[in-house]
Amino acid sequence: MRTGFPDFRLGSVLATSFTGTLSERYGNAVERIPTPHRLVDWLAVNGLAVDSCTTAQLELARELRESIHAAATAAAIQDALPASAVHVINDRSAQGRAAAILTPEGKRRWQLGSASCVEDALGVIAADAISIIAGERDGKLALCASPSCRAAFFDTSQSRTRKWCDMNTCGNRQKKARFNANQRRRSAE
């Protein structure tokens with residue numbers, strides 16, 4: 001793994017984890033895949049290893065990421081899905097070549113072909129996005145309550161009332177801000 005870059009924010013849902021490669025969208029944005037090599041790293045960490053990535057493929061990946069974010073955000077607030085986002089997600093899904101493989105542990109894993117490329121991995125991510133946006137999986141799309149983040153995430157908690165995309169970052173930051181505001185208020189009394 002290359003050093004000198006922000007850590008990846010990994011989750012259990014591939015598509016929404018992918019949208020998390022750009023965090024704090026409404027604050028000081030953090031790009032977690034700033035280079036083609038960094039996209040290769042992210043794909044490898046998520047079981048979609050490819051040998052290389054070009055700048056053009058990185059741009060395709062970012063376009064898919066933003067399209068998934070736009071469609072997931074619309075789905076989370078029960079708004080109409082943006083046609084341009086749907087088009088990009090469908091195109092990436094149709095262009096990818098990957099096979100679903102059943103592991104001995106009974107889990108699904110994606111297998112890219114021997115001559116796999118970034119487009120194949122993006123096809124898997126797009127297919128995952130389709131399954132969550134279409135409501136085929138047990139869970140609910142939601143938006144992070146942090147005003148600087150607003151990341152779409154897939155809530156699989158029992159109550160489906162999760163507020164933060166990541167409790168270790170956005171949740172803790174909001175709790176700390178609330179605590180500090182309460183301390184200041186008490187000091188002023």
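Select T16 to begin: leaving aside residues up to four places away in sequence, T16 touches I132, L141, A152, F153 and F154, where contact means heavy atoms within 4.5 Å. T16 lies in helix α1, and helices here (H or I, at least four residues) and strands (E, at least two) are DSSP runs numbered from the N terminus. With a relative accessible area of 11%, T16 is buried, the terms being buried for under 20% relative accessible area, exposed for over 50% and partly exposed in between, with a 1.4 Å probe and protein chains only.

Before going on, note that this is a predicted model, in which local features need pLDDT of at least 70 and side-chain atom pairs count only at pLDDT 80 or more, while totals for chains, interfaces and linings use all residues. Residues are numbered from 1 along each chain as its sequence is written, and side-chain values use heavy atoms, with hydrogens and water left out.

Next, stay in helix α1 (residues 14-19) and select F18 together with W42 of helix α2 (residues 36-45), a pair that ties together parts 24 residues apart in sequence. The ring centres of F18 and W42 are 5.1 Å apart and the planes stand at 55°, so the pair is tilted; rings of Phe, Tyr and Trp (its six-membered ring) pair if their centres lie within 6.5 Å, and planes under 30 degrees apart count as stacked, over 60 as edge-to-face and the rest as tilted. F18 is buried at a relative accessible area of 0%, and W42 is likewise buried at 0%.

Now select helix α3 (residues 55-76) and helix α5 (residues 118-133), which pack at an angle of about 0° with their axes 11 Å apart; these axes are lines fitted to C-alpha atoms, over the stretch in contact, and angles run from 0 to 180 degrees between N-to-C directions. Among the residues that meet here are L60, L64 and I68 in α3 and L122, I125 and A129 in α5.

Move on to strand β3 (residues 98-102) and strand β4 (residues 108-112), which run antiparallel and are joined by five bridges, two strands being paired if DSSP finds at least two bridges between them. L102 has R108 in β4 as its bridge partner. The two strands form a hairpin with five residues between them, and G106 in the turn has a positive phi of about 85°.

Finally, select N168 in helix α6 (residues 167-188), which is exposed with a relative accessible area of 64%.
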